[in-house]
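Subject: Handover of a structure and findings

Dear colleague,

Please find below the structure that I am handing over to you. My findings follow it.

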Amino acid sequence: MPTPLSFPTAAPTNPAPVVPPLTTEIGTGQPPAVSKSLREIDMQVWQRYLVVEQKQGQEISIWVVDNDRSMIGLPAEVTVKMPNGSEQIFAIPPTNASGQASVLLPAIEAPNGTIIPFKVCIAAVAEARFCIADFFVIWNTP
């Protein structure tokens, strides 16, 4: 027959530290003011292929929603770090009625195993850019 588990009954020897009140520009103990019109912008980015051959282009796609509603007509750009260290920027067409858009990148000449980092950025609200970074790999199969 299994032995029943026993749990310690003593109080912890190190109680949690006392946290001082919140201090903000408004005053002690008051949280900062928050607008009632909060926006929750969600952007997803994906590439068609995780591994791309040297002579093959890569497709980058985005999906953008604002409070679960598709953001229509939103332009974006992809910045690709090339194997020589330079960066190339490609415009993504404005998002469609579903909040989605894609761009086909040209083929990138690079040795097998080269990691190609990229980031996709949108300007969803005035003076604010949102970016997501990812990568794909160049690999030629025999």
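This is a predicted model: local features need pLDDT of at least 70, side-chain atom pairs count only at pLDDT 80 or more; totals for chains, interfaces and linings use all residues.

The largest cavity holds about 40 Å³ of space. Its lining is formed by V52, E53, Q56, G57, Q58, L105, P106, A107, I108, F136 and I138. By class, the lining of the largest cavity comprises seven nonpolar residues, three polar ones and one charged residue.

One of the lining residues, F136, also belongs to an aromatic pair. The structure contains one such pair. It is formed by F118 and F136, whose ring centres are 6.0 Å apart and whose planes meet at 40°, so the pair is classed as tilted. F118 is in strand β8 (residues 114–125) and F136 is in strand β9 (residues 128–138), so the pair ties together parts that lie 18 residues apart in sequence. Both partners are buried: the relative accessible area of F118 is 3%, and that of F136 is 1%. For reference, burial here requires a value under 20%.

Turning to the nonpolar core, the largest one has 26 residues, and within it I62, V80 and V120 touch the most other members. Two or more residues of this core come from each of β1 (41–47), β3 (58–66), β5 (76–81), β6 (87–92), β7, β8 and β9. The largest share, five residues, is supplied by β8.

V80 deserves a separate word. Setting aside residues up to four places away in sequence, V80 touches S86, E87, Q88, F90, L105, I108, I116, P117 and F118. Among these contacts of V80 is F118, a member of the aromatic pair. Two further contacts of V80, L105 and I108, are also found in the lining of the largest cavity.

T79 is located in strand β5. With a relative accessibility of 7%, T79 is buried. Beyond its neighbours within four places in sequence, T79 is in contact with E87, Q88, I89, P117, F118 and K119. The contacts of V80 likewise include E87, Q88, P117 and F118.

Q100 is part of strand β7 (residues 100–105). Its relative accessible area of 33% makes Q100 partly exposed. Q100 touches I62, W63, P94 and T95, when residues up to four places away in sequence are not counted. Of these, I62 is one of the core residues that touch the most other members. The C-alpha atoms of Q100 and M71 are 8.3 Å apart in space, while the two residues are 29 apart in sequence.

Finally, two backbone angles may be of interest to you. Which residues other than glycine have a positive phi, N67 being one of them? N67 has a phi of about 50°, and D68 has a phi of about 65°. N67 is in the loop between β3 and β4 (69–70), and D68 is likewise placed in the loop between β3 and β4. As to accessibility, N67 is partly exposed at 36%, whereas D68 is exposed at 75%.

Yours sincerely

Definitions and conventions:
Residues are numbered from 1 along each chain as its sequence is written. Side-chain values use heavy atoms; hydrogens and water are left out. Helices (H or I, at least four residues) and strands (E, at least two) are DSSP runs, numbered from the N terminus. Buried means under 20% relative accessible area, exposed over 50%, partly exposed in between (1.4 Å probe, protein chains only). Contact means heavy atoms within 4.5 Å. Rings of Phe, Tyr and Trp (its six-membered ring) pair if their centres lie within 6.5 Å; planes under 30 degrees apart count as stacked, over 60 as edge-to-face and the rest as tilted. A nonpolar core is a set of buried Ala, Val, Leu, Ile, Met, Phe, Trp, Tyr and Cys residues joined through side-chain atoms within 4.5 Å. On a 1 Å grid over the protein atoms alone, a cavity is a set of points where a 1.4 Å probe fits but cannot get out, and a pocket is an open set with protein on both sides within 12 Å along at least five of seven lines; lining residues have an atom within 4 Å of a point. Grid points are joined across faces, edges and corners, and a volume is the space filled by probe spheres set on the points. Ala, Val, Leu, Ile, Met, Phe, Trp, Tyr, Cys and Pro count as nonpolar, Asp, Glu, Lys and Arg as charged, and the others, Gly among them, as polar.
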